[in-house]
Amino acid sequence: SPAHYELRCEPAGGTVADPAAACQRLLSGASIFAPRPAHLMCPMVVAGAAAANVTGTYFGKKVHLTVVDGGCDLSRWARLRSVFS
């Protein structure tokens, strides 16, 4: 069955094991939710059948996207997974 997590930052809270650490990982580096560059070539690699549906607000902008474990989302998937694990 699917897992469901909630994360809030400033102040940190939610249903993840360590919300403060998850917020720190989410806010470090470039935005995980930034659009992919149009010229990006994607590997035709599907690492698994996993997918994450992300819905919420990030720095005042609405976010609603699906991230899959493969293709153009490989690096985004790895970063998103690190936030919630």
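In the predicted model, the side chain of Asp-73 places a polar atom 3.2 Å from the backbone nitrogen of Val-68. Asp-73 belongs to the loop that runs between strand 4 (61-70) and helix 2 (74-84). With a relative accessibility of 7%, Asp-73 falls under the 20% limit and is therefore classed as buried. When neighbours within four places in sequence are set aside, the contacts of Asp-73 comprise Arg-36, Thr-66, Val-67 and Val-68. Asp-73 can also be placed relative to Val-46: 27 residues separate the two in sequence, and their C-alpha atoms are 9.6 Å apart.

Helix 1 spans residues 19-27, and its buried residues are Pro-19, Ala-21, Ala-22, Cys-23 and Leu-26. Just after helix 1, the backbone at Gly-29 adopts a positive phi of about 75°. One of the buried residues of helix 1, Ala-21, can be related to the segment after helix 2, where Ser-85 is found. Ala-21 and Ser-85 are separated by 64 residues in sequence, with a C-alpha to C-alpha distance of 10.0 Å. Whereas Ala-21 is buried, Ser-85 is exposed, its relative accessible area being 66%.

Two pockets were examined. The largest pocket has a volume of about 970 Å³, and 29 residues line it. Nearest the centre of this pocket lie Tyr-5, Asn-53, Val-54, Leu-80 and Phe-84. Several secondary-structure elements contribute to the lining, with strand 1 (7-8), helix 1, strand 3 (46-58) and helix 2 each supplying at least two residues. Strand 3 provides the largest share, 9 residues. By residue class, the lining of the largest pocket consists of 18 nonpolar, 7 polar and 4 charged residues.

The second largest pocket has a volume of about 170 Å³. Its lining is made up of 13 residues, and those nearest the centre are Ser-31, Ile-32, Ala-34, Ser-75 and Arg-76. This lining divides into 7 nonpolar, 2 polar and 4 charged residues.

Aromatic side chains were considered next. Over the whole structure, 3 aromatic pairs are found. In one of them, Tyr-58 and Phe-59 are arranged edge-to-face, with ring centres 4.9 Å apart and an angle of 90° between the planes. Ring pairs also join these two residues with Phe-33 in a cluster. The partners in the edge-to-face pair fall into separate accessibility classes: Tyr-58 is buried because its relative accessibility is 13%, while Phe-59 is exposed because its relative accessible area is 66%. Phe-59 is located in the loop between strand 3 and strand 4. The backbone of Phe-59 has a positive phi, near 50°, although the residue is not glycine.

A positive phi in a residue other than glycine is also seen at Glu-10, where the value is about 60°. Glu-10 is part of the loop between strand 1 and strand 2, and it is exposed, with a relative accessible area of 72%. The peptide bond that joins Glu-10 to Pro-11 is cis, with omega at about 5°. Pro-11 is likewise found in the loop between strand 1 and strand 2 (13-14).

Note on methods
Residues numbered from 1 in each chain as written. Predicted model: local features only at pLDDT ≥ 70, side-chain atom pairs only at ≥ 80, totals over all residues. Heavy atoms only, no water. Helix = DSSP H or I, 4+ residues; strand = E, 2+ residues; numbered from the N terminus. Buried < 20%, exposed > 50% of the residue type's maximum accessible area, 1.4 Å probe, protein only. Polar contact = N/O pair within 3.5 Å; in protein donor to acceptor, adjacent residues only side chain to side chain. Contact = heavy atoms within 4.5 Å. 1 Å grid on protein atoms, 1.4 Å probe; cavity = no way out; pocket = protein on both sides within 12 Å on 5 of 7 lines; lining within 4 Å. Points joined across faces, edges and corners; volume = space filled by probe spheres on them. Nonpolar A, V, L, I, M, F, W, Y, C, P; charged D, E, K, R; others polar. Phe/Tyr/Trp six-rings, centres within 6.5 Å; stacked < 30°, edge-to-face > 60°.
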